[in-house]
Each structure stands twice: as structure tokens, then as C-alpha cells.
Amino acid sequence: MSASPQLSPRARAWALFCQLTEQLKRIHGLILRPTSFLRSAEQQKALFDQGLTNCDGTKRRSSHQDGRALDAVLERDGATLPLNDPAYDIMGSLWLTLDPRNVWGGNWTMPNGKRDIVHLEYRPR
């Protein structure tokens with residue numbers, strides 16, 4: 001499946017998430033389980049107040065508010081993998097190969113000092 005560049009940014013992001021899900025399962029036997037997709041300004045502000053993001057939801061919007069970002073954990077054999085599992089680096093690397101406008105949270109540090117390895121984002125601009 002190839003995501004069409006004519007899709008809206010939200011639809012393109014979703015098509016890319018589906019493509020990633022299929023490839024992780026087929027190639028690596030991993031299940032991508034979304035934990036956060038669309039967020040309201042209030043939900044985003046709550047995460048900002050906890051030091052988990054640089055986006056406060058109003059002055060600086062999150063791509064989650066526009067449906068272009070997804071947070072997800074990985075599962076194998078029915079168990080959720082711990083966040084230090086190397087499979088998250090596989091997920092991030094594969095995500096980056098699907099479209100040059102994709103970004104992965106594993107390449108930055110959150111305000112709390114941790115990498116955001118569960119964050120997958122499509123940036124159309």
C-alpha cells in the first residue's frame with residue numbers, strides 16, 4: 001500500500017500509520033497499539049503541565065490536535081514491550097523511511113529529559 005500525496009494531511013498521516021502497522025507485523029512480528037491520537041487543547045495542556053511536551057495546546061499546538069501524530073506502544077506475543085526495547089528504534093527507523101516528512105520522537109528529548117520514542121508524526125510543511 002502506498003500513501004497518496006493527494007490526501008489531506010490527516011488522511012495521509014493515517015495512511016502512513018496503517019502502512020507502518022502492516023510492515024511492523026509482516027517484517028518484524030510486532031503489533032503497533034496506539035495509545036494517543038487526537039487530543040483536545042485541554043488534554044494537551046495537561047500533558048504540558050506534567051512536563052511531557054513542549055506544546056501547551058493553545059500558544060503552541062500539538063500535531064495530535066490536528067490528527068497528524070500518534071503515540072503507540074509495541075506488542076509481541078501478546079505482551080507490551082518495555083520502552084527500552086530495541087524494537088522501538090526499529091519502529092522509528094521504519095517510520096522515517098516511509099515519507100521524508102515523517103518525524104520520530106526518539107530523535108528528541110522531552111522536557112522531562114526522556115526520549116519520546118512512542119511518538120510518530122507526519123509534518124506536511
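**Notebook: accessibility, a pocket and a helix face**

I looked up aspartate 77 and found it exposed, with a relative accessible area of 77%. The model I am reading is a predicted one. Aspartate 77 sits in the loop between strand 2 (69-76) and strand 3 (79-80). I then checked its backbone: phi is positive, about 55°, although the residue is not a glycine. Most residues other than glycine have a negative phi.

**Entry on proline 100**

I turned to proline 100, which is placed in the loop between helix 3 and strand 4 (102-104). Its relative accessible area is 80%, so I record proline 100 as exposed, the cut-off being over 50%. I also took a C-alpha to C-alpha distance from proline 100 to glycine 78: the two are 22 residues apart in sequence and 32 Å apart in space.

**Entry on helix 3**

Which residues of helix 3 are buried? I listed Ala87, Tyr88, Met91, Gly92, Leu94, Trp95 and Leu98. Viewed down the axis of helix 3, these buried residues fall within an arc of 165°, so they line one face of the helix. An α-helix has 3.6 residues a turn, so residues three or four places apart point the same way. For the length, I noted that helix 3 (residues 87-98) has 12 residues and reaches 17 Å from its first C-alpha to its last. That span is close to the 16 Å expected at 1.5 Å a residue.

I found proline 9 in helix 1 (residues 9-28). Proline 9 is partly exposed, at a relative accessible area of 34%.

Is glycine 57 buried or exposed? I record glycine 57 as buried, because its relative accessibility is 3% and the cut-off is under 20%. Glycine 57 is located in the loop between helix 2 and strand 2. From glycine 57 to glutamine 43 I noted 14 residues in sequence and 7.9 Å in space, C-alpha to C-alpha.

**Entry on the cysteines**

How many disulfides does the structure hold? I found 0 disulfides. I looked up the accessibility of two cysteines as well. Cysteine 18 counts as partly exposed, with 32% relative accessibility. Cysteine 55, at 13% relative accessibility, counts as buried.

**Entry on the largest pocket**

I noted a volume of about 480 Å³ for the largest pocket. It is lined by 23 residues, and the closest to its centre are Leu52, Thr53, Trp108, Asp116 and His119. Which elements supply at least two residues each of this lining? I recorded strand 1 (31-36), helix 2 (41-49) and strand 5 (119-122). By class, I noted that the lining of the largest pocket divides into 7 nonpolar, 9 polar and 7 charged residues.

Technical notes:
Residues are numbered from 1 along each chain as its sequence is written. This is a predicted model: local features need pLDDT of at least 70, side-chain atom pairs count only at pLDDT 80 or more; totals for chains, interfaces and linings use all residues. Side-chain values use heavy atoms; hydrogens and water are left out. On a 1 Å grid over the protein atoms alone, a cavity is a set of points where a 1.4 Å probe fits but cannot get out, and a pocket is an open set with protein on both sides within 12 Å along at least five of seven lines; lining residues have an atom within 4 Å of a point. Grid points are joined across faces, edges and corners, and a volume is the space filled by probe spheres set on the points. Helices (H or I, at least four residues) and strands (E, at least two) are DSSP runs, numbered from the N terminus. Ala, Val, Leu, Ile, Met, Phe, Trp, Tyr, Cys and Pro count as nonpolar, Asp, Glu, Lys and Arg as charged, and the others, Gly among them, as polar. A disulfide is a pair of cysteine sulfur atoms within 2.5 Å. Buried means under 20% relative accessible area, exposed over 50%, partly exposed in between (1.4 Å probe, protein chains only). The expected span of a helix is 1.5 Å times one less than its number of residues. The arc is that of the directions from the helix axis to the C-beta atoms.
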